[in-house]
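Keep the 3D view open as you read.

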Amino acid sequence: LHSIDVSASMSAVVPSAGCTSLEDIRVSAGNTHYCSSDGVLMSGDGRSILWFPVGKSGDYTLPATVTAVGEYAFRDCSIGKFVFADGLKYIGQCAFYNSKVREVVLPSTLLQVPTGTFQKCTSLTTVRMGANTELIGEYAFDGCPLADIYITATMPPVCYAKTFATSGSDFVKTCRLHVPKGRKPYYRANSLWGKFENIIDDL
C-alpha cells in the first residue's frame with residue numbers, strides 16, 4: 001500500500017500499523033475534518049499530525065501551522081532530516097522512537113525536549129536546539145551515535161541525571177557540543193553539560 005485517498009465525506013480515520021510502504025495520504029478539498037500536507041494526514045485546522053506515513057523518505061519540514069506533535073508521532077519513520085519551523089511548542093514523549101532520522105532541527109519556540117524524544121534513533125548524528133530550550137528529559141538521546149549537538153541557548157538547559165544516559169556508546173566523550181560564543185564556561189561549569197569533553201563556542 002503506497003497511497004490512500006480520503007474522500008470529502010469521510011469523518012473518521014484510524015491509522016493502520018505496519019504500512020511500511022505507505023508514502024502518501026491525500027485528502028479531498030471538500031473534507032472539513034482532515035487535511036493533507038506533503039502526504040501527511042493532519043487535523044482539519046492543520047495544527048495536529050494524525051498519521052505520518054512510515055514509508056516517506058528524504059527530508060521533511062513540518063508545516064508552520066503545526067503547534068504540537070504527539071507521542072510516538074514519527075516512530076519507525078524513514079525520514080532522514082526533520083526541520084521544525086518556529087511555532088511548534090510541544091513534542092510528545094518518544095516522538096522519534098526507533099526512526100531512521102539522521103538530523104533534526106528544533107525551533108526556538110520549543111521550550112522542552114521530553115523523555116525519550118530520540119530514543120533508539122541509531123542513525124541520528126546531528127541535533128540542533130533553539131535559543132529558548134529550557135529542559136531536556138531523561139534518555140532523550142538513548143542509543144544515538146551523536147556527533148554534533150548545536151544549542152543556541154545562552155544558559156545551559158536544565159537536565160536530569162539520566163538525560164544523556166545511553167545504551168549505546170558514551171557519546172559525551174566524542175560528540176562535539178556547539179554553544180554560543182563566550183558561553184563555554186557556563187556549559188563547562190554545569191554538572192551535566194560539563195561532562196561533554198568537546199565543547200566549542202562557535203555559534
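Keep in mind that this is a predicted model. Its largest pocket has a volume of about 330 Å³. Elsewhere in the briefing we turn to aromatic rings, and the structure holds 21 pairs of them.

**The largest pocket**
- A set of 18 residues lines the largest pocket, and the closest to its centre are Trp51, Phe52, Val54, Ala73 and Arg75.
- Sort that lining by type and you get 13 nonpolar, 3 polar and 2 charged residues.

**Two aromatic pairs to find**
- To describe a pair of aromatic rings, you give the distance of the centres and the angle of the planes.
- Phe74 and Phe96 make a stacked pair, at 5.2 Å centre to centre with 25° between the planes.
- This pair links distant parts of the chain, 22 residues apart: Phe74 is in the loop between β7 (68-69) and β8 (78-84), while Phe96 is in the loop between β9 (90-91) and β10 (103-105).
- Phe74 and Phe96 are both buried.
- Phe164 and Phe196 pair up edge-to-face, with 5.1 Å centre to centre and 90° between the planes.
- Here too, distant parts of the chain are linked: Phe164 is in the loop between β15 (158-159) and β16 (176-179), and Phe196 is in the loop between α1 (184-189) and β17 (198-201), 32 residues apart.
- Both Phe164 and Phe196 are buried.

**Charges over rings**
- Look for the charged end of Arg128, which sits over the ring of Tyr150 at 4.1 Å from its centre.
- Arg183 lies over the face of Tyr186, 3.9 Å from the ring centre.

Note on methods. Residues are numbered from 1 along each chain as its sequence is written. This is a predicted model: local features need pLDDT of at least 70, side-chain atom pairs count only at pLDDT 80 or more; totals for chains, interfaces and linings use all residues. Side-chain values use heavy atoms; hydrogens and water are left out. On a 1 Å grid over the protein atoms alone, a cavity is a set of points where a 1.4 Å probe fits but cannot get out, and a pocket is an open set with protein on both sides within 12 Å along at least five of seven lines; lining residues have an atom within 4 Å of a point. Grid points are joined across faces, edges and corners, and a volume is the space filled by probe spheres set on the points. Ala, Val, Leu, Ile, Met, Phe, Trp, Tyr, Cys and Pro count as nonpolar, Asp, Glu, Lys and Arg as charged, and the others, Gly among them, as polar. Rings of Phe, Tyr and Trp (its six-membered ring) pair if their centres lie within 6.5 Å; planes under 30 degrees apart count as stacked, over 60 as edge-to-face and the rest as tilted. Helices (H or I, at least four residues) and strands (E, at least two) are DSSP runs, numbered from the N terminus. Buried means under 20% relative accessible area, exposed over 50%, partly exposed in between (1.4 Å probe, protein chains only). A charge sits over a ring if NZ of Lys or CZ of Arg is within 6 Å of the ring centre and within 35 degrees of the ring normal.
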